[in-house]
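Reader: Hi! I am new to protein models and would like to learn how to read one. Could you take me through this example?

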Amino acid sequence: MWRANSCRPPYFGRRSLAPRSRGYTAIGYTQRFGRPRDLLSRASRPTTFAKTGSFILKFPTFQDVLHAQRRIRPYLAPTPLYSYSALNELIGTHVAVKHENYQPVGAFKVRGGVNLVSQLTDAERQQGLIAASSGNHGQSIAYAARLFGVSARVVVPRAANPGKVAAMQGMGATVIFHGENFDEAKLHCEQLAREHGYRYVHSGDEPLLIAGVATETLEMLSDDPGLDVIIVPIGGGSGAAGAALVAQTINPALRVIGVQAERSPAAYESWRQRRIVTAPNLTIAEGLGTGTGFSLPQAMLCAMLKEFLLVSDEEILQAMVWMIERAHTLAEGAGAAALAAAYRLRGEFSGKRVGIICSGGNSSIAQLKQALAL
Ligand SMILES: Cc1ncc(COP(=O)(O)O)c(C=O)c1O
C-alpha cells in the first residue's frame with residue numbers, strides 16, 4: 001500500500017473560497033465535530049481545479065455536499081450502516097458496513113445521478129443525456145433521467161453485466177453496446193455526444209456527481225461519528241474523492257483508505273505517480289475497472305487521499321463470499337473490495353471502528369458462481 005506525504009500534483013489551480021451555510025439541518029456528528037456552519041468555515045481552505053482537455057473543473061466543496069444531501073433526500077432514503085458480529089470477528093475489531101447495495105438501483109452511484117439530473121438546465125434536458133458505463137453509473141443516470149422526465153442513452157461494453165443492462169432498459173434508457181471494455185464504450189459515447197449534441201455525463205469529471213456520492217460518507221459519520229477508518233472502493237474515483245472531501249472537513253483524523261483492483265490499477269497508478277496514466281483493465285469487478293485515471297476525482301484524490309491499496313481478484317471474490325456468509329448480503333465485486341482491504345489491513349485496526357462501503361450489490365450470476373466456487 002502507498003501512503004502519500006505530499007499531495008499536490010502539478011495540474012491544479014487554486015482559489016480561496018469561504019463557503020457559507022444555508023438552511024441546513026444539524027445531523028448526528030454535530031455534537032462531536034461541531035455545527036455545519038463551523039464545519040463550513042473549517043472547509044474554507046483554498047479550493048482547487050482540475051484540467052480536463054480544454055475544460056477546467058472546480059472541486060466540489062463541502063457546501064456542495066450539503067446541498068446535494070438536501071436535493072437527493074426526497075428521492076433516496078439514507079442507507080443503513082450495520083455491524084455484524086461475524087465480520088467483527090473476521091477483522092478483529094468493530095466493522096460497520098454502509099449498505100449502498102440497498103439503494104433502489106443497488107449501487108451508490110445513484111446519489112450522484114439524482115443530484116446532477118436535478119440541476120440540469122432546460123437546454124440540457126432537451127438535449128437528452130448520454131453516458132458510458134460498465135453498469136452502475138448507467139443505472140444511476142437511467143434512474144435519475146426517468147425521475148426528472150429526461151431521455152437517456154447508455155453506452156456499455158458488449159459483454160456488460162446482463163442484470164445491469166436489463167435494469168437500465170427497464171428504467172427506459174436506450175442501451176447501446178459497443179467495444180470490448182469500458183474504455184472503448186466511452187470513446188464511442190463521446191463520439192455520439194459530439195455528433196448528436198447530447199449532454200454527456202462523464203462518470204467522474206462531474207462536480208455534481210462527486211458531491212452527490214459524497215453524501216454516503218456524510219450519512220456514515222452521522223450514524224457513527226466514532227468511526228476511525230473508512231475504506232472506499234475506487235474505479236474512476238468519484239466515491240473516494242467525495243469521501244476524502246467529507247472526512248477532511250468533518251474529522252481530519254479519520255483515515256480514508258482507497259482500494260482498487262490489481263488487475264485494473266489506473267486510478268491507483270495515476271494517484272501514485274501524480275499524473276493521469278493508463279493501465280491494463282482486466283479485473284472481474286467491473287465497477288473498479290477503468291483503463292485511465294479521471295481528471296477531477298484524481299486531482300481531488302491527489303490532494304486529499306493519503307492511503308490507497310490494490311487487492312487481487314481472488315481477495316475480492318473471497319470477500320464476496322464473506323459478505324454472504326457473515327453479513328447475509330449480496331455484494332458485487334466492487335462492493336466487496338473494501339472488505340477485502342479491511343481483511344488485508346486487519347493487523348492495523350485493533351481497537352478501531354472501521355467503516356467499509358459496500359458500494360453495490362449488482363453481481364452477475366456468473367460472477368457469483370465464480371465466487372461461490374472458491
Ligand atoms: C459498485 C461500485 N463500486 C465502486 C465503484 C467505483 O466508483 P468510482 O468510479 O466512483 O470510483 C463503482 C463504479 O461504477 C461501482 O459500480
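**Reading a model step by step**

Author: Happy to! The chain has 17 helices and 14 strands. Please keep in mind that this is a predicted model.

Reader: How much of the chain is buried, and how many residues does the chain have?

Author: The chain has 374 residues, and 53% of them count as buried. Among contacts with a separation of 6 or more, 75% join residues 24 or more positions apart.

Reader: What is the average pLDDT of the chain?

Author: The average is a pLDDT of 90, and 88% of the residues score at least 70. Read one stretch with care, though: over residues 6–27 the pLDDT stays under 50. For that stretch the model has 41 contacts beyond four places in sequence.

Reader: Now the helices. At what angle do helix 5 and helix 7 pack?

Author: For a pair of helices, look at the angle and the spacing of the axes. Helix 5 covers residues 110–117 and helix 7 covers residues 136–147; they pack at an angle of about 40°, and their axes are 8 Å apart.

Reader: Which residues make the contact between helix 5 and helix 7?

Author: Helix 5 brings Val110, Gly112, Gly113, Val114 and Val117, while helix 7 brings Ser140, Ile141, Tyr143, Ala144, Ala145 and Leu147. Sorted by type, the residues of this contact are eight nonpolar, three polar and no charged.

Reader: Let me pick one of those. Is Tyr143 buried or exposed?

Author: Here you count neighbours, and 20 or more other C-beta atoms within 10 Å make a residue buried. Tyr143, which sits in helix 7, counts as buried because it has 27 C-beta neighbours inside 10 Å. Leaving aside neighbours within four places in sequence, Tyr143 is in contact with Pro104, Val105, Val110, Gly113 and Met171. Tyr143 and Met168 are 25 residues apart in sequence, yet their C-alpha atoms are 7.7 Å apart in space.

Reader: Where do helix 13 and helix 14 meet?

Author: Ala267, Ser270 and Trp271 in helix 13 meet Gln298, Leu301 and Cys302 in helix 14. That contact divides into four nonpolar, two polar and no charged residues. The axes of helix 13 (residues 266–273) and helix 14 come within 9 Å and cross at roughly 50°. That angle makes helix 13 oblique to helix 14. The crossing of helix 13 and helix 14 is right-handed.

Reader: What about the loops? Which loop holds Arg274?

Author: In loops, you can check the backbone angles. Arg274 lies in the loop between helix 13 and helix 14. Arg274 is not a glycine, although it has a positive phi of about 60°. With 17 C-beta neighbours inside 10 Å, Arg274 counts as partly exposed.

Reader: And what is the phi of His328?

Author: His328 has a positive phi of about 50°, and it is not a glycine. His328 is found in the loop between helix 15 (313–327) and helix 16 (333–344). His328 counts as exposed, because it has 10 C-beta neighbours inside 10 Å.

Notes. Residues numbered from 1 in each chain as written. Predicted model: local features only at pLDDT ≥ 70, side-chain atom pairs only at ≥ 80, totals over all residues. pLDDT = per-residue confidence, 0-100. Contact = placed C-beta atoms within 7 Å. Helix = DSSP H or I, 4+ residues; strand = E, 2+ residues; numbered from the N terminus. Buried ≥ 20, exposed ≤ 12 C-beta atoms within 10 Å, placed from the backbone. Axes fitted to C-alpha atoms, helices over the stretch in contact; angles between N-to-C directions. Nonpolar A, V, L, I, M, F, W, Y, C, P; charged D, E, K, R; others polar. Parallel < 35°, antiparallel > 145°, perpendicular 65-115°, else oblique. Left-handed = near helix turned anticlockwise from the far one by under 90°.
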